[in-house]
Amino acid sequence: MTATTTPLPQVAATAQQADYGRIVRDGLWDNNGVLAMLLGMCPSMAMTTSATNGLGMGLATAVVMTASSLLVAVFRRHITQQVRIPVYILIIAAMVTLVDLAMNAWMHELYKVLGLFIPLIVSNCLPLARLEAFAAKEPVLPSLVDGIAMGLGFALALTAIGAVREILGSGTLFADASLLLGPSFRFMELHLLPASSNVLMMILPPGGFLVTGLLVVGKRMVDLRAGKAIQMGGAHSAE
Amino acid sequence: MTAATGNRGVTRHALILGSFCLGFGVVLALTERLAAADIAARATEDRLASLAQVLPAGLYDNNPLQGTLAVRAADGSETTVYRARKGDTVTGLAYEIRGSGYAGEIRLMMGVDAQGRILGVRVLAHKETPGLGDKIEVKKGDWITRFTGLSLGAPPAERWKVRKDGGDFDQFTGATITPRGVVAAVHRGLAFFAANKDRLLTAASGEMKP
């Protein structure tokens with residue numbers, strides 16, 4: 001082993017106050033996990049056949065991202081460079097299993113709806129990318145905020161993709177939202193288009209690629225118009 | 001770098017990784033132990049609820065979770081049969097059936113009355129595509145209620161198929177494999193009833209192992 005042990009980057013942010021507004025803006029829009037970094041494509045396409053599914057997957061992912069960001073930030077000085085990836089994967093997998101067990105036992109109604117999605121979070125590379133790019137280097141509180149913001153940004157993007165695909169493919173919006181959020185959310189369940197005008201392709205896999213691509217373009221057009229520099233795809237802040 | 005420090009490095013990394021594994025292993029084991037009773041209770045509730053959906057309430061006065069029968073098929077698989085009884089008469093049976101869907105196994109519960117007519121079929125678990133194949137769930141569509149009242153001879157065996165294959169059952173837009181699997185499973189379930197009818201209906205109360 002050629003151990004030129006790179007010391008963990010001792011973060012500059014410890015000295016200066018973390019810019020929470022920046023972190024939140026990054027997570028929700030500027031550096032959005034799906035629409036800017038193009039990470040987590042598997043769940044973004046597979047689980048977005050309806051807005052409700054997208055929202056459910058997004059929220060479950062946000063919980064796991066928040067918990068794992070917090071843990072990695074807490075232990076960041078104890079995790080060496082060489083074993084960090086297995087430790088991150090271990091933390092994410094443990095969080096997913098904990099959420100899965102806890103929901104099955106104590107939030108069983110919700111589990112019956114979301115249960116399908118939860119194990120899939122392990123295969124999402126967005127939590128891993130954020131641990132590597134942010135939580136590994138930053139103090140606990142900014143990491144917690146980053147986990148929440150990135151998780152919510154992910155949920156937002158998945159809900160948007162799901163909404164477009166559902167409207168065009170099934171003619172409904174937020175169908176079965178009351179199964180996910182409770183009976184008081186039945187008002188969200190809309191029926192917008194007649195069955196005859198449904199474009200089946202939109203709820204099949206090609207629809208996922210098309211809608212995700214169009215939303216990425218849409219986001220960049222908005223950013224261009226606002227005069228922002230375009231952030232190219234890929235986890236640019238990761239190594 | 002000397003071999004000694006290199007080894008120490010490896011040992012250190014191994015210790016770090018090992019202690020994280022140990023720590024999270026303990027946390028997971030404790031949570032599992034803490035949750036196990038509740039998870040089992042939820043599973044029993046789900047089972048009772050799914051039995052209640054396929055066995056009409058007026059049909060029985062016993063607890064169908066008690067006095068179940070285990071029937072072993074020729075291929076070695078075992079089916080647990082829940083029996084609805086009124087007094088000493090068996091009025092209905094419920095058992096789990098399995099079909100192969102688009103994304104793996106579909107587990108269903110079906111209820112059959114003493115004459116072999118279907119009382120109801122419900123999906124217990126499946127991995128079908130949300131928005132397409134999951135219309136087999138009663139929450140998301142009434143397709144599955146189509147089976148109620150049917151029996152092995154009605155419709156005839158060659159019509160126990162989805163329309164695309166020349167049968168009587170609708171497929172879903174964009175999903176044919178899922179309903180095809182369910183239709184085949186229900187048909188097999190009826191064949192299971194026919195093959196074991198005498199034993200299932202006449203066996204004395206309590207356990208009966210073949």
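Let's start in chain B: R107(B) stands opposite A125(B) in strand β5(B). This is a predicted model, where local features need pLDDT of at least 70, side-chain atom pairs count only at pLDDT 80 or more, and totals for chains, interfaces and linings use all residues. Residues are numbered from 1 along each chain as written, with chains lettered from A and ligands numbered from 1 in written order.

Back to the sheet. β5(B) covers residues 118–125, and β4(B) pairs with it in the antiparallel sense over 6 bridges. Pairing here needs at least two DSSP bridges. Strands are DSSP E runs of at least two residues, helices H or I runs of at least four, numbered from the N terminus. The β4(B)–β5(B) hairpin has 4 residues between the strands, and G116(B) takes a positive phi near 90° there.

Now the other neighbour. β3(B), residues 89–101, runs antiparallel to β4(B), residues 104–113, with 10 bridges. R107(B) is the bridge partner of R98(B).

Over to chain A. Helices α4(A), residues 84–106, and α6(A), residues 125–135, have axes that come within 10 Å and cross at roughly 130°. They are therefore oblique, the class left after under 35 degrees (roughly parallel), over 145 (roughly antiparallel) and 65 to 115 (roughly perpendicular). Who makes the contact? Y88(A), I89(A) and I92(A) from α4(A), with P127(A), L128(A), L131(A) and E132(A) from α6(A). Contact means C-beta atoms, placed from the backbone, within 7 Å.

Last, the interface. Chain B gives 27 residues, chain A 30.

Technical notes. Axes are lines fitted to C-alpha atoms, for helices over the stretch in contact, and angles run from 0 to 180 degrees between N-to-C directions. Two residues are in contact if their C-beta atoms, placed from the backbone, lie within 7 Å.
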